[in-house]
Amino acid sequence: MGKVTGFKEFERQDETYTPVADRVKDYKEFTVPLKEEEITKQGSRCMDCGIPFCHSGCPLGNLIPDFNHMVHQGEWQKASWLLHSTNNFPEFTGRLCPAPCEKSCVLGIIEDPVSIENIEKNIVERAFKEGWIKPQPPKTRTGKTVAVVGSGPAGLAAAQQLNRAGHTVTVFERDDEVGGLLRYGIPNFKMEKGIIDRRVKILEAEGITFKTNVNVGVNYDVKDLKAFDSIVLCGGATERRGLPTPGADADGVVQAMDFLTQQTKVVLGKEVKDQVLATDKNVIVIGGGDTGSDCVGTSNRHGAKSVVNFEIMPKPPGHRSPTTPWPFWPLQLKTSSSHEEGVERNWLINTKEFIKDDSGKLTALKTVNVEWKMVPGERPQLIEIAGTEKTWPCDLALLALGFTGPESTLADKLGIKKDARSNYKAEYGKYQTNVSKIFAAGDMRRGQSLIVWAISEGREAARQVDLYLMGKSNLPSKDITGDLVAM
């Protein structure tokens, strides 16, 4: 694969960013693409390793060495075909995936891994530019109807695969536009929404029907949903985690997803009443994950007075930890482009109280430093360190604490069983719930996870639905060992 000695001749090169002072002035994507010649070199770094562990690292089973080789050869159209054979939406993963494939790249043992994610992004962008990505409606229809609830990456992937199998697919989305959290939960500076729109146009041209502003079980009767021959639930894990902390009801304590959604709607020209703004405020973001990072980037674009980030867990090491050796996902510090734009990051810190004034407005946070006590055979215990209490000025606290699971509305109305973590119970590999015609995929089934897992689950669930409806399926699948199998 690639050039036999490419990994020894060429160093890894990543996209660069426009200067911070410029990019924080707007909400546009700010990456500076590499030249085609450089991308070709990056593809040449693929090692022709005996066992490509990137396959097992990728939940989709992307044919990574193969499309790297095509890029090395300048065969971009073939690279696009290979990429789309396992991934419905590489334009999403090429921007938003944390790239577990790169963390399991064999070259990563001794050098910087192959820049797989950026190569993927360049392949799909070249394919759109050249007009290689065209609607592919099925030649025949089966007469079977399928409802997909939720239009995030899992729902879109399931819908496209089922439509390819010839079924008539309708996607229901409760928001006013298609995309799920891709639409409103991801800031435009990470992915501009035209990226979603151009793909949705392809899906519509292929014959998929989208119905927005439809909240099944609320303004759409589940009796009408049950009229479909099969149902795929891809509603995501949207129950937000709160903090059981005194003063959490203060005016100024805001869920991160509300903050991000409002700003995205404003960018898209939609009316937002009483938008929460960070302008000239002391902002504290509680939660150190990707959503917290997005809040940091958005707060800086608002013109916050200061931006501070709290994380209750220890600071990860700067390099791969011995506890997560290759090819596992590493325990390692991640510094995002938003962090680089300006933030004070704090680890092992716990919020004890939200302080508010007489009118109920947030004015400060009280915190204490903590440590984790590890006892063999027991759950880790959080221990407060005496004498470390501190009060932080704060006008806006953003809770970026993740999600506890899916909302229960559909499960209750459809009679779907849930597992111990409140996810919709559907066996991995089967995706079928206790109601035979109803399937579940993505975060709704597995809990909060990665975009690449959502697409994988949507594809896998689609094949199981096809088997249920037709008794056989020509849709491709990965078996549970992670190998791509032809069916």
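Colleague: In this predicted model, which members of the largest nonpolar core touch the most other members?

Modeller: A nonpolar core is a set of buried nonpolar residues joined through side-chain atoms within 4.5 Å. Here the largest such core has 61 residues, and those touching the most other members are Phe67, Phe92, Ile123, Val148, Met191, Phe210 and Val232. Helix H19, residues 451-470, supplies the largest share of this core, namely eight residues.

Colleague: Why does this core lie between domain 1 and domain 2?

Modeller: The core lies between them because domain 1 (5-130) and domain 2 (145-238 + 403-470) both give residues to it. A second, separate core of 20 residues includes Tyr220, Val222, Ile438 and Ala440.

Colleague: Leaving aside its neighbours within four places in sequence, which residues is Phe67 in contact with?

Modeller: With those neighbours set aside, Phe67 is in contact with Asn62, Ala79, Leu82, Leu83, Ile116, Ile119 and Ile123.

Colleague: How should I read a helix, and which residues of H14 are buried?

Modeller: An α-helix has 3.6 residues a turn, so residues three or four places apart point the same way. In H14 the buried residues are Ala256, Met257, Phe259, Leu260, Thr261, Gln262, Gln263 and Thr264, and they pack against several elements, including helix H15 (290-302) and strand S8 (253-255). Just after H14, Gly269 takes a positive phi of about 80°.

Colleague: Do strands S12 and S13 run parallel or antiparallel, and how many bridges join them?

Modeller: Strands S12 (residues 349-356) and S13 (residues 362-373) run antiparallel and are joined by seven bridges, with Ile349 having Asn369 in S13 as its bridge partner. The two strands form a hairpin with five residues between them, and Gly360 in the turn has a positive phi of about 90°.

Notes: Residues are numbered from 1 along each chain as its sequence is written. This is a predicted model: local features need pLDDT of at least 70, side-chain atom pairs count only at pLDDT 80 or more; totals for chains, interfaces and linings use all residues. Side-chain values use heavy atoms; hydrogens and water are left out. Buried means under 20% relative accessible area, exposed over 50%, partly exposed in between (1.4 Å probe, protein chains only). Helices (H or I, at least four residues) and strands (E, at least two) are DSSP runs, numbered from the N terminus. Domain bounds come from an automatic or database domain assignment. Contact means heavy atoms within 4.5 Å. Two strands pair if DSSP finds at least two bridges between them.
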